[in-house]
Amino acid sequence: MSSIKADVRRYIEDNFLLGAGAAAPGDDDSFLEHQVLDSTGFLELVAHLEETYGIKIGDDDMVPENLDSLNAIEAFVQRKQGGAE
Amino acid sequence: MSAQPLGPAVLNYDCEAEAQRICEWIPRVLTQRLRRRGLVVAISGGIDSSVCAALSVRALGPKKVFGLLLPEQDSSGFSTERGRLLAEHLGIEYQVHDIAPALAALGCYTQRDEAIRRVIPAYGEGWKNKIVIAGGTEGGINFFKLVVQSPAGEQQTVRLPLKEYLQIVAATNFKQRVRKTMDYYHADRLNYAVVGTPNRLEYDQGFFVKNGDGSADLKPIAHLYKTQVYAMARHLGLPEAICSAVPTTDTYSLPQGQDEFYFALPYAQMDLALWALEHQRSAEELGQALGISTAQAQRVYDDIRAKRRATEYLAAAPELIGDGPAQAA
């Protein structure tokens with residue numbers, strides 16, 4: 001697994017699942033559909049991504065296509081780091 | 001029986017029959033459950049608290065209803081003006097208590113302004129602010145923007161980082177909680193119960209502050225859609241200034257509509273969406289009724305469900321292990 005996905009999965013486990021027994025999301029699982037994150041949770045996640053990967057997430061980036069699964073986040077962060085956007 | 005076409009008419013109801021039902025319920029609840037002698041109603045000048053106060057007076061008479069007007073430094077002057085108008089119209093005893101000094105002592109304004117200055121360093125004396133919601137209705141993820149206006153009238157808008165957003169909201173929530181403290185001071189003094197004034201949309205969607213405006217002994221209009229509350233205001237013959245008041249939060253210093261801050265759509269459309277969801281109408285049908293796409297209507301449904309989940313704890317009793325200790329009957 002990529003380090004981005006592993007890091008974000010660990011972040012979700014540490015901050016949102018809190019060892020309560022829920023399974024960590026699979027790579028393509030929607031955080032919204034599986035009720036892993038609510039809107040405040042996404043804001044926490046965005047702050048974590050900006051801080052950890054040194055990227056700036058704009059208003060237009062705040063869409064499920066970029067942030068709603070581990071795979072989506074990995075692709076999004078890599079695009080941001082590569083300066084593609 | 002064919003389903004009623006989805007449109008504003010689904011919210012029509014018999015105001016007089018409903019007013020009678022509520023006014024029979026209030027004294028029954030007061031005597032059998034709450035064991036109190038009257039009602040305290042905090043009057044904001046808006047439609048919901050005005051209708052609650054009017055129904056309270058109709059149920060108990062003006063001598064058993066005490067009105068409270070609780071402005072602070074960000075309140076619109078129109079709110080207090082309309083509140084006084086209503087109290088005079090209903091003939092109730094009322095008190096105006098400026099809660100700004102209490103809020104200042106608690107740090108409400110300084111904590112809020114400190115968080116704002118972390119994102120807009122120039123913010124200071126004479127500036128105004130509000131928070132607006134963004135993202136959700138365009139298919140994105142909900143987030144919040146801070147809008148500030150300098151004394152010269154120039155506006156700036158920035159997306160709020162989580163920490164600053166939470167601090168601004170936490171500081172602002174002092175307002176609703178201090179108001180509730182005042183409600184209960186007077187309720188204890190008079191041996192009255194406190195009326196909570198949410199309408200169905202607010203109650204369903206968790207648009208209230210826990211232990212603030214969410215706290216009350218009875219909530220007489222929590223089953224009525226906001227559209228129905230406006231109809232009730234007219235039925236009860238409330239002053240025109242109140243019947244035509246535009247719903248605002250009256251919490252931030254810049255004018256802020258409730259739909260800017262919290263709801264996906266203006267209240268009349270939100271009412272219809274909530275009714276449609278509760279009556280299992282499809283997103284396609286809602287979209288046609290509101291003049292929006294099926295995808296947009298689906299996002300409104302999703303947003304309603306998401307807000308229900310996110311705010312469920314606001315109205316819940318504290319969690320206990322097991323059944324907890326037995327409550328006295």
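Val40(B) has Val194(B) as its bridge partner in strand E7(B). This pair belongs to a predicted model, in which two bridges join strand E1 of chain B (residues 39-42) to E7(B), the two strands running parallel.

**The parallel sheet of chain B**

- E1(B) and E7(B) belong to an open sheet of four strands, ordered E3-E2-E1-E7 in chain B, with parallel pairing.
- Strand E3 (93-96) and strand E7 (193-194) of chain B are at the edges of this sheet.
- Each of these two edge strands has a single partner strand, so one side of each has no neighbour in the sheet.
- Helix H2 of chain B (residues 47-60) lies across E1 and strand E2 (65-69) of chain B.
- The direction of H2(B) is at about 160° to E1(B).

**The antiparallel sheet of chain B**

- In general, the strands of a sheet pair through backbone hydrogen bonds, and the pairing is either parallel or antiparallel.
- Chain B also has an open sheet of three strands in the order E4-E5-E6, and here the pairing is antiparallel.
- Strand E4 (128-134) and E6 of chain B are the edge strands, each pairing on one side only.
- From one strand to the next, the twist averages 25°.
- E4(B) and E5(B) run antiparallel and are joined by seven bridges.
- Within E5(B), Gln149(B) is the bridge partner of Lys128(B).
- Gln149(B) also has a bridge partner in E6(B), namely Gln155(B).
- Strand E5 (residues 143-149) and strand E6 (residues 155-159) of chain B are antiparallel, with five bridges joining them.

**The hairpin**

- E5(B) and E6(B) form a hairpin, and five residues lie between the two strands.
- Gly153(B), in the turn of this hairpin, has a positive phi of about 95°.

**Where chain A touches chain B**

- How many residues of chain A are in contact with chain B? There are 12 residues of chain A in contact with 14 residues of chain B.
- Helix H2 (39-53) and helix H3 (64-67) of chain A are the elements that give two or more residues to the side of chain A that touches chain B.
- H2(A) gives the most to this side, with five residues.
- Sorted by class, the side of chain A that touches chain B has seven nonpolar, two polar and three charged residues.

Technical notes: Residues are numbered from 1 along each chain as its sequence is written. Chains are lettered from A and ligands numbered from 1 in the order in which they are written. This is a predicted model: local features need pLDDT of at least 70, side-chain atom pairs count only at pLDDT 80 or more; totals for chains, interfaces and linings use all residues. Two residues are in contact if their C-beta atoms, placed from the backbone, lie within 7 Å. Ala, Val, Leu, Ile, Met, Phe, Trp, Tyr, Cys and Pro count as nonpolar, Asp, Glu, Lys and Arg as charged, and the others, Gly among them, as polar. Two strands pair if DSSP finds at least two bridges between them. Axes are lines fitted to C-alpha atoms, for helices over the stretch in contact, and angles run from 0 to 180 degrees between N-to-C directions.
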